[in-house]
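Please open the structure in your viewer and keep the selection tool at hand.

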Amino acid sequence: MDKLIIKGGFPLSGDVQISGAKNAALPVLISSLLAEEPVRITNVPYLNDIKTTVALLAQLGVEIELDNSQVVNVDASVVNTVCAPYELVKTMRASVLVLGPLLSRFGRAEVSMPGGCAIGSRPVNLHLKGFEAMGARVSVENGYIVAECDHLKGARIFMDQVSVTGTENIMMAAALAEGVTIIENAAREPEVVDLACFINTMGGNISGAGTSEIRIEGVNKLGGGEHRIIPDRIETGTYLIAAAVTGGDVCTRNTSPGMLDAVLEKLKEADVEIEVGIDWIRVRGKGKRPRAVNVRTDPYPAFPTDMQAQFLMMNCIAQGTGLVTETIFENRFMHVHELQRMGASIKLEGHTAIVTGVNKLFAAPVMATDLRASACLAIAGLVAEGETLIDRIYHIDRGYDRIEEKLAQLGASIKRVSGQEYKKMTDLTPYQSPHIAVSN
Ligand code: UD1
């Protein structure tokens, strides 16, 4: 298993190119299942979740190839099976997104139950309720969700809770349904808008994406098209925080500042210097620690849960005390215990972490627990005194495009080592951090 070794204390500086958004690329690629003609998707990030999506689509019989050119051509004119197997769904929960398009185009879809995941139970009841409202029959057989219908019919669907993939799944199902579907209390995330744009490019008829009421007029069939994935706002925010905590000077390029209002507001509140252009954001350290900020996660356009761990980390070395409240996912504070091992002062009270900034963090061997938690540990490693070893970085590879390459280009001292390389290194010299000697 690969690991990252990061030596802290180097301010980041320079330009970093932001990749396409993982959370837009996944549904967009999957929605190509709706199309009877080839589609071409550009600005696709090179990530493990994308590789899983490509494997999943290929397994369904779709012609698709992935290299690191950021362009993916998909031909779903022929689909051989409508079953997404456990082996793929267990590595990526978003596989459940194939339900909507398969159901509406072929009248049947089977997807292994996603099950629990590290950041909480994450049910899919709202997705299924939406399909049922459109006339589908849904059952669970041998651990698989099976959805069937003769032909989906448009419906008015109220989402009890704002759900990003729930909105996307229902939107894809409704694209080929008979009549009009209205999704009320829909997710307003930019990734939902990107998916709607792509479906419209293929000949769909969706309006209102980006508001809490989306109207989808079903069409008989969808054709081909070309689409460029929007920039990854979470990757952007992650590099901005990395620049701020190291006191660096970093410009994130090919991004979309308008999608980061809540994040930029909080950075300004933290007294971080920010400059914004049409497609870039620059952060400059002021030679002093940022100010601690209170953060509360909520659906877009409010502060994103996917930036919670990174801001919590910034508070760890900030001046003062900041409260970080997580309202979207239960159990999304697993990074707290790892940060505490690096010397952070954090107290957990229910859904709130009370973080009091300290002068310094110290390197320690830490374990990544989920995607965004691993990003926060990498940032902690950039400021900690000594060499931080991050284990289980397969989490980070799911969602960050070449993170060690990008950080190294900005001047970070970061190295990826394979399990074997690490074993060889530690056989020679046991891993040492200033405070903890680790045996292998
Ligand atoms: C998506 C993002 C993820 C982000 C999250 C919240 C993708 C691939 N992933 O995840 O990065 O952290 O949005 O912004 O886009 N819920 C239910 N029933 C459902 C569906 C959701 O109760 O059927 C609950 C969830 O448990 C959670 C909340 O609704 O508490 C929001 O979850 P949701 O927006 O669905 O998250 P995902 O779409 O899985």
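Is the crossing of helix 8 and helix 12 left-handed or right-handed? The crossing of these two helices is right-handed. Please bear in mind throughout that the model is predicted.

**First stop: helix 8 and helix 12**

Select residues 233–246, which form helix 8, together with helix 12, which spans residues 371–383. Two packed helices are described by the angle between their axes and the distance between the axes. Here the angle is about 20° and the axes lie 9 Å apart. Helix 8 is therefore roughly parallel to helix 12, since angles under 35 degrees count as roughly parallel.

Now display the side chains at the contact. From helix 8, show Ile-234, Thr-238, Ile-241, Ala-242, Val-245 and Thr-246. Their partners in helix 12 are Arg-372, Ala-375, Ile-379, Leu-382 and Val-383. By class, this contact comprises eight nonpolar residues, two polar residues and one charged residue.

**Second stop: helix 11 against helix 12**

Helix 11 contributes His-335, Glu-338 and Leu-339 to the contact, while helix 12 contributes Ala-373, Cys-376, Leu-377 and Ala-380. Five of the residues in this contact are nonpolar, one is polar and one is charged.

Select Leu-33, Val-98, Leu-99, Met-134, Met-171 and Ile-199. Within the largest nonpolar core, which has 78 residues, these touch the most other members. Centre the view on Leu-99: leaving aside residues up to four places away in sequence, Leu-99 touches Ala-109, Val-111, Leu-128, Phe-131, Ile-145, Ala-147 and Asn-169. A second, separate core contains 67 residues, among them Val-245, Ala-309, Val-324 and Val-355.

How many of the nine residues of helix 10 are buried? Nine of the nine are buried, so helix 10 is largely enclosed by the rest of the structure. Among these buried residues are Gln-308, Phe-311, Met-314 and Cys-316. Then select helix 1, residues 22–31, where nine of the ten residues are buried, so this helix too is largely enclosed. The buried residues of helix 1 include Lys-22, Pro-27 and Ser-31.

Select Tyr-300 and Pro-301; the peptide bond from Tyr-300 to Pro-301 is cis, with omega near 10°. Pro-301 belongs to the loop between strand 18 (295–296) and helix 10 (308–316).

Next select Asn-185, in the loop between strand 11 (180–184) and helix 7 (190–201). Its phi is near 60°, a positive value in a residue other than glycine. Asn-185 is partly exposed, with a relative accessible area of 25%.

Finally, select Asn-254, in the loop between strand 15 (249–253) and helix 9 (261–269). Phi of Asn-254 is near 55°, again a positive value in a residue other than glycine. With 38% relative accessibility, Asn-254 counts as partly exposed.

Technical notes: Residues numbered from 1 in each chain as written. Predicted model: local features only at pLDDT ≥ 70, side-chain atom pairs only at ≥ 80, totals over all residues. Heavy atoms only, no water. Axes fitted to C-alpha atoms, helices over the stretch in contact; angles between N-to-C directions. Helix = DSSP H or I, 4+ residues; strand = E, 2+ residues; numbered from the N terminus. Contact = heavy atoms within 4.5 Å. Nonpolar A, V, L, I, M, F, W, Y, C, P; charged D, E, K, R; others polar. Core = buried A, V, L, I, M, F, W, Y, C linked by side-chain atoms within 4.5 Å. Buried < 20%, exposed > 50% of the residue type's maximum accessible area, 1.4 Å probe, protein only. Parallel < 35°, antiparallel > 145°, perpendicular 65-115°, else oblique. Left-handed = near helix turned anticlockwise from the far one by under 90°.
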